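Welcome, and please take a moment with the sequence and the model below. A short tour by topic follows.

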Amino acid sequence: MQKRLLFLLPLAVFLVIAFYFARGLQLDPRKLPNMLDGKQVPAFALPPILDRDDYGFASTDLPGGVSLVNIWGSWCVACRIEHPFLMQLKERNQVPIHGIDWREKTPEEGPAWLEKFGDPYALVGDDPVSKAAIAFGVTGAPETFLVDQKGVVRHKQVGPIDAKIWDEILWPLIETLRRNGSAG
Amino acid sequence: MRKFLLAAAVLLIAFPSFAVEPSEVLDDPVLETRARKISQGLRCLVCQNQSIDGSAAVLARDLRVLVRERLVAGDGDQEVIDYVVSRYGDFVLLKPPFKAATFVLWAGPAVLILLGLIATLIFFRRNRAYAAEEAVVTSLTEDEKRRLAALLEDET
């Protein structure tokens, strides 16, 4: 009896390995961990985009209240899909959204896009050579970071935000942060 | 002959190309060599199976520039790599580091080979013991020989 069990051992080992390989194949290699979770927002200071030449966007703007930092670009198709929902959020006035205009080919393209479709952002900074994007560990647009009252990154949302993601993930997180923190 | 020479010439210039653009190259050849070496170990996060040194993606370009800027600012090789890892995680390293989470990855094959060797050893040892046991009883007894002869006779 014991010998027969020993014969089954290779099969058992194979099944275990096959299980992990099969699971590995289901994972999305594009989903990277959020290295900033629970850490202070990386330091950045971006110049304004055209037509907004009063003020850009810097990491020092973030402490004080819960906010979203949205990385976008006029070249980014998924951002176009996400954009109407960001406009809705702006109207609801639930949380300020700040924009990092990432890798525009010319300085005119980002502002033209906002002009054409609407501007959901409180503050916008221009990031033509990925300075802030790399500091945030961004790999594609759109990516959105939830930052708490103390300027600590609490969540990274990869891909367009929609009503479902907002209701199920972001808004509950924001409410919890506001309940636990003082300001914001 | 001319065609052959032309083909040979074309083959000669077809060295593997790198994505590093002339404008990115540093003036200091020592720093540039270091930058190239670091870049070859960092994964391009857009194409994923290329290093940033070989990728034409814009994010890879910006990362190459960042690596060079940090080297020029006086960072050591490991400091530069650590910075990129702090932003993107271990996945950005084309050669994964040896630590608790990657132990199975690094030690797995060696452990499996070792187990296989042990299993083979046990198999052959047992086989030898079995063969030795068998050798003792290979010769037939007188009684058996007679029965065998009788059986063979019956057949014919």
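P142(A) sits in the loop that runs between α4 (131–135) and β6 (143–147) of chain A. Its peptide bond with A141(A) is cis, with omega at about -5°. Here, helices (H or I, at least four residues) and strands (E, at least two) are DSSP runs, numbered from the N terminus.

This is a predicted model, in which local features need pLDDT of at least 70, side-chain atom pairs count only at pLDDT 80 or more, and totals for chains, interfaces and linings use all residues. Residues are numbered from 1 along each chain as its sequence is written, while chains are lettered from A and ligands numbered from 1 in the order in which they are written.

**Loops of chain A**

- Most residues other than glycine have a negative phi, and most peptide bonds are trans.
- R103(A), in the loop between β4 (97–102) and α3 (109–117) of chain A, has a positive phi near 55° without being a glycine.
- R103(A) is buried, as 23 other C-beta atoms lie within 10 Å; a residue is called buried if 20 or more other C-beta atoms lie within 10 Å of its own, exposed if 12 or fewer, and partly exposed in between, with C-beta atoms placed from the backbone.
- S130(A) also belongs to a loop, the one between β5 (124–127) and α4 of chain A.
- The phi of S130(A) is positive, about 65°, although this residue is not a glycine.
- S130(A) counts as buried because it has 22 C-beta neighbours inside 10 Å.
- Is S74(A) buried or exposed? S74(A) counts as buried, with 21 C-beta neighbours inside 10 Å, and its place is the loop between β3 (67–72) and α2 (77–92) of chain A.
- Leaving out residues up to four places away in sequence, S74(A) touches E104(A), E109(A), G110(A) and W113(A); two residues are in contact if their C-beta atoms, placed from the backbone, lie within 7 Å.
- Along the sequence S74(A) and W113(A) are 39 residues apart, yet their C-alpha atoms are 5.9 Å apart in space.

**The nonpolar core and the contact between chains**

- In soluble globular proteins, nonpolar side chains tend to be buried together.
- The largest nonpolar core has 53 residues, of which I71(A), I100(A), A133(A), F136(A) and L63(B) touch the most other members; such a core is a set of buried Ala, Val, Leu, Ile, Met, Phe, Trp, Tyr and Cys residues joined through C-beta atoms within 7 Å.
- The element that gives the most to this core is α3(B), with 6 residues.
- Setting aside neighbours within four places in sequence, F136(A) is in contact with L36(A), P42(A), I71(A) and F145(A).
- Where chains A and B meet, the contact takes 11 residues from chain A and 14 residues from chain B.
- The chain A side of that contact divides into 7 nonpolar, 3 polar and 1 charged; Ala, Val, Leu, Ile, Met, Phe, Trp, Tyr, Cys and Pro count as nonpolar, Asp, Glu, Lys and Arg as charged, and the others, Gly among them, as polar.

- Helix α2 of chain B (residues 29–40) has 12 residues and reaches 16 Å between its end C-alpha atoms, close to the 16 Å expected at 1.5 Å a residue; the expected span is 1.5 Å times one less than the number of residues.
- Which residues of α2(B) are buried? They are A35(B), I38(B) and S39(B).
- Seen down the axis of α2(B), the buried residues fall within an arc of 95°, so they line one face of the helix; the arc is that of the directions from the helix axis to the C-beta atoms.
- On the other side of α2(B), P29(B), V30(B), T33(B) and K37(B) are exposed.
- The cover over the buried residues of α2(B) includes α3 (58–72) and α4 (77–88) of chain B.
- In α4(B), the buried residues are V80(B), V84(B), R87(B) and Y88(B).
- Those buried residues of α4(B) fall within an arc of 85° seen down the axis, so they line one face of the helix.
- Q78(B), E79(B) and D82(B) are exposed on the face of α4(B) turned away from its buried side.
- What covers the buried residues of α4(B) includes α4 of chain A, together with α2 and α3 of chain B.
- Just after α4(B) comes G89(B), with a positive phi of about 90°.

**The domains of chain B**

- Chain B is assigned domain 1 (2–97) and domain 2 (102–155), with bounds that come from an automatic or database domain assignment.
- The C-alpha centres of domain 1 and domain 2 of chain B lie 57 Å apart.
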